[in-house]
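I opened the file to look up helix packing, charged pairs and a few backbone angles. My entries follow in the order I made them.

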Amino acid sequence: MAGALYRRKRKSPLFRNEAIAWDTLLALLLVAALCLATLTLWIPAYWPVALFETSILLIAGGGLVLRRMPDAGTWLPLFALSFLVVWGCFQLLTGSTVNRFATERAVLQWMTLVAVYYAGVFSLKNERLARFCRVGIVWFGFAVTLEAVLQAYLSPGRVFGLFPSGYHDFVMGPIVYHTHFAVFVETLLPLALYLALDEVKISYTYLGVAAFLLTGVVVSASRGGLIIAGVEVVVVFVLSHLRKARGGRAVGSGALALIGVTAVLTLIVGFETASERFSSGALTAGRLQFAISTLHMIAVHPVMGWGLGCWPAVYPAFATFDAGAIVNQAHCDWLQWTAEGGVPVGLAMLSLALWAIRPALRSIWGVGVIAILVHAGFDYPFSRPAIGAWPILILSMAVTAQPGTNPECLTQGESIQG
């Protein structure tokens with residue numbers, strides 16, 4: 001009888017509305033936590049990272065208390081990311097790590113990404129709520145980019161024009177490392193482009209936002225970021241063109257407008273710095289030596305790895321040249337993951353990347369996830385939790401937006417029932 005009463009209670013509108021309210025609250029808190037973590041990236045202290053990780057874990061814990069379960073067909077990223085957490089714990093238990101503290105930190109960071117994906121999958125099933133969050137994320141990205149461009153010219157090296165960052169060049173808003181800023185934009189750029197092309201008529205407002213995001217990457221002078229952002233634009237327009245018959249979008253006009261607005265903005269802010277970066281040396285300068293050293297690390301411990309988070313501690317023993325500075329990343333997340341966790345960790349992340357291709361392409365606006373995973377081949381976008389969490393959040397949205405995996409996903413012309 002108790003079971004029957006519980007089932008009737010779940011079907012009642014009151015219970016359903018209460019569940020939606022909780023999911024909405026947790027979804028908004030999730031997005032707000034990522035935004036706040038992004039705005040505090042410049043702070044060298046550990047407390048902003050701890051606050052972000054604690055907040056995300058509490059949000060995911062709220063989902064567990066409410067007994068929220070991901071839908072069928074959305075589990076693989078959860079398994080892949082959770083495997084890294086379990087593997088790191090196994091390294092700690094077996095003493096396979098060369099630096100316990102670094103591995104403990106890395107385990108907590110991967111646990112945070114697990115929580116981001118889980119919270120996104122269960123709380124953003126409602127397509128109206130998910131779209132509202134995507135729109136908010138795009139405008140947040142625009143605001144950060146606007147501040148970053150103004151800061152780059154008016155107060156270089158001073159975050160928000162007030163706080164010294166310790167650096168002078170390539171400090172983009174609250175994001176001290178210009179490549180991480182480019183990664184942030186790469187994640188959001190397809191969202192802005194999709195919003196511009198999603199309606200019957202082109203939204204020139206969102207097209208302007210997308211053009212300004214591209215301009216921000218130009219100002220950041222991230223060579224890899226410029227290349228990947230350009231490819232993203234082509235992919236989004238091509239995919240949108242393939243759906244033109246259903247959406248009635250004037251994709252060609254949108255492409256010309258985007259090129260024109262971006263060109264004008266680029267002329268205003270200048271392309272000299274980015275041009276100098278492209279001509280100053282090869283894109284792979286230094287990275288090739290790091291990659292060779294990392295391959296040697298993998299060859300020594302191919303199964304267990306050296307311990308998650310331990311690449312900086314191990315690299316000096318395998319260094320082939322003097323970089324003239326402390327080298328704390330391999331500049332290739334894929335090789336670094338494999339060196340730290342062995343081949344099993346590399347395969348787990350590869351399975352996630354391959355699995356993510358389909359939902360990313362089907363959503364169109366999720367292609368930023370693929371872009372970041374490609375960027376991870378020659379840089380380290382996942383080294384900071386606040387940066388690495390953005391593509392994981394977008395992936396959770398793209399997965400729940402797939403037809404067949406979310407019974408409440410709205411198609412054009414439908415509305416929420418109840």
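This is a predicted model: local features need pLDDT of at least 70, side-chain atom pairs count only at pLDDT 80 or more; totals for chains, interfaces and linings use all residues.

**Entry: H7 and H16**

I looked up the pair H7 and H16, whose axes cross at roughly 155° and come within 7 Å. Angles over 145 degrees count as roughly antiparallel, so H7 is roughly antiparallel to H16. From H7, I listed Thr179, Val183, Glu186, Thr187 and Pro190 in the contact; from H16, I listed Val367, Gly368, Ala371, Ile372 and His375. Sorted by class, the contact of H7 with H16 has 5 nonpolar, 4 polar and 1 charged residues.

**Entry: H3 and H5**

Next I took helix H3, residues 47–65, against helix H5, residues 100–123. Their axes are 9 Å apart, and the packing angle is about 45°. That makes H3 oblique to H5. I recorded the crossing of H3 and H5 as left-handed. On the H3 side the contact is made by Val49, Phe52, Glu53, Ile56, Leu57, Ile59, Ala60, Gly63 and Leu64. On the H5 side I wrote down Arg105, Leu108, Gln109, Met111, Thr112, Ala115, Val116, Tyr118, Ala119 and Phe122. The class count for H3 with H5 is 14 nonpolar, 3 polar and 2 charged residues.

**Entry: salt bridges**

How many salt bridges does a search of the whole structure find? I got 5.

Arg68 forms a salt bridge with Asp23, and their closest N and O atoms are 2.8 Å apart. Buried or exposed, I asked of Arg68? Arg68 has a relative accessible area of 15% and is buried. Asp23 is buried too, with a relative accessible area of 15%. The cut-off I applied is under 20% for buried.

Asp379 forms a salt bridge with Arg287, with the closest N and O atoms 2.9 Å apart. I found Asp379 in the loop between helix H16 (367–375) and helix H17 (385–400), and Arg287 in helix H13 (residues 287–300). The two are 92 residues apart, and the pair links distant parts of the chain. Asp379 counts as buried at 2% relative accessibility, and Arg287 counts as buried at 17%.

Arg134 forms a salt bridge with Glu127, where the closest N and O atoms are 2.7 Å apart. I noted that both Arg134 and Glu127 are buried.

**Entry: positive phi**

I then checked the backbone. Most residues other than glycine have a negative phi. His331 has a relative accessible area of 18% and is buried.

Phe160 also turned up with a phi near 60°, a positive value in a residue other than glycine. I placed Phe160 in the loop between strand S1 (158–159) and S2. With a relative accessible area of 33%, Phe160 is partly exposed.

**Entry: Tyr167**

Where does Tyr167 lie? I found Tyr167 in the loop between strand S2 (163–164) and helix H7 (178–197). Tyr167 counts as exposed at 55% relative accessibility. Leaving out residues up to four places away in sequence, Tyr167 touches Gly157 and Val176. I also took the C-alpha separation of Tyr167 and Tyr177, which is 9.5 Å for two residues 10 apart along the chain.

**Entry: whole chain**

Last, I looked up totals. The secondary structure of the protein chain comes to 17 helices and 2 strands. I counted 54% of its 418 residues as buried. Of the contacts in the protein chain with a separation of 6 or more, 78% are accounted for by residues 24 or more positions apart.

Key:
Residues are numbered from 1 along each chain as its sequence is written. Side-chain values use heavy atoms; hydrogens and water are left out. Axes are lines fitted to C-alpha atoms, for helices over the stretch in contact, and angles run from 0 to 180 degrees between N-to-C directions. Helices (H or I, at least four residues) and strands (E, at least two) are DSSP runs, numbered from the N terminus. Angles under 35 degrees count as roughly parallel, over 145 as roughly antiparallel, 65 to 115 as roughly perpendicular and the rest as oblique. A crossing is left-handed if the near helix is turned anticlockwise from the far one by less than a right angle, and right-handed if clockwise. Contact means heavy atoms within 4.5 Å. Ala, Val, Leu, Ile, Met, Phe, Trp, Tyr, Cys and Pro count as nonpolar, Asp, Glu, Lys and Arg as charged, and the others, Gly among them, as polar. A salt bridge is a side-chain nitrogen of Lys or Arg within 4 Å of a carboxyl oxygen of Asp or Glu. Buried means under 20% relative accessible area, exposed over 50%, partly exposed in between (1.4 Å probe, protein chains only).
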